[in-house]
Amino acid sequence: MIKDILLTITQSDGDESAFNYSVKLAETAKANLAIVIPVQFPDLGPAEFGINSYPMYAGIYEEKLKVAEKLADDLRAKLSNTSISSEVRVISTPQLNISQVSASHAHYADISILGGVNEGPQKNECQDIFAELLLQSGRLVLFVPSSQDTCYPIKHVVIAWQPTKEASRAVHD
């Protein structure tokens with residue numbers, strides 16, 4: 001039984017289809033939907049003439065936070081038109097990367113949902129987040145592709161399987 005759903009927003013093309021699917025699932029399961037928008041401090045790296053100044057990085061970070069807060073407000077407005085229990089969190093991450101933050105929040109959910117892209121520069125970031133969710137959270141992960149309308153309810157699933165008593169119980173529970 002699904003009671004808590006986590007949706008990680010990656011600010012990619014797949015977010016809209018993942019959001020719509022999450023809302024449908026939360027309505028059907030009468031579950032709480034938690035949406036996480038992680039914002040990472042830019043990596044301090046060398047420039048042509050040494051390391052760039054902190055104020056430059058801080059300005060980039062502040063701009064990312066403003067974009068994430070606006071996105072959070074837009075999502076809250078969309079969720080206000082639904083009957084589900086929900087929350088939207090903007091998570092500032094100066095030390096952890098986005099995939100690590102997503103996995104740490106997924107520990108408290110029954111299922112994690114992630115929208116993805118099939119090609120382009122955002123593909124690698126979505127794959128990294130998916131891998132971290134799958135390997136570190138210990139929870140179910142649902143990948144919703146952006147290229148098509150996802151059918152609801154799910155008719156086919158793929159389960160990574162090892163023939164052990166624990167795996168059998170996990171699938172049957």
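Where does His107 lie? I looked this up and found His107 in the loop between helix H3 (98-106) and strand E6 (111-116), where helices (H or I, at least four residues) and strands (E, at least two) are DSSP runs numbered from the N terminus.

Before going on, I note that this is a predicted model, in which local features need pLDDT of at least 70 and side-chain atom pairs count only at pLDDT 80 or more, while totals for chains, interfaces and linings use all residues. Residues are numbered from 1 along each chain as its sequence is written, and side-chain values use heavy atoms, with hydrogens and water left out.

I find His107 partly exposed at a relative accessible area of 37%; the classes are buried for under 20%, exposed for over 50% and partly exposed in between, with a 1.4 Å probe and protein chains only. Leaving aside residues up to four places away in sequence, I list Gln136, Ser137 and Arg139 as touching His107, a contact being heavy atoms within 4.5 Å. Between His107 and Gln136, which are 29 residues apart along the chain, the C-alpha separation is 8.6 Å.

I then turned to Gly138, which sits in the loop between helix H4 (123-136) and strand E7 (140-145) and counts as exposed at 60% relative accessibility. From Gly138 to Ile111 I read 9.6 Å, C-alpha to C-alpha, for a pair 27 residues apart in sequence.

**Entry: helices H1 and H2**

For H1 (residues 15-29) and H2 (residues 54-79), I find axes that come within 12 Å and cross at roughly 35 degrees; axes are lines fitted to C-alpha atoms, for helices over the stretch in contact, and angles run from 0 to 180 degrees between N-to-C directions. The contact is made by Glu16, Phe19 and Val23 on the H1 side and by Leu75, Lys78 and Leu79 on the H2 side.

**Entry: salt bridges**

How many salt bridges does a search of the whole structure find? I note four, a salt bridge being a side-chain nitrogen of Lys or Arg within 4 Å of a carboxyl oxygen of Asp or Glu.

One of them joins Glu16 and Lys78, with the closest N and O atoms 3.2 Å apart. Glu16 belongs to helix H1 and Lys78 to helix H2, so this pair ties together parts that are 62 residues apart in sequence. I record Glu16 as partly exposed at 41% relative accessibility, and Lys78 as partly exposed at 36%.

Asp74 and Lys70 also meet through their side chains in a salt bridge, at 3.3 Å from N to O, and here both residues lie in helix H2, four residues apart, about one turn of the helix. Asp74 is partly exposed at 37%, whereas Lys70 is exposed at 54%.

I also looked up Glu87 and Arg89, whose side chains form a salt bridge at 3.1 Å, N to O; Glu87 is partly exposed at 34% and Arg89 is partly exposed at 24%.

Most residues other than glycine have a negative phi.
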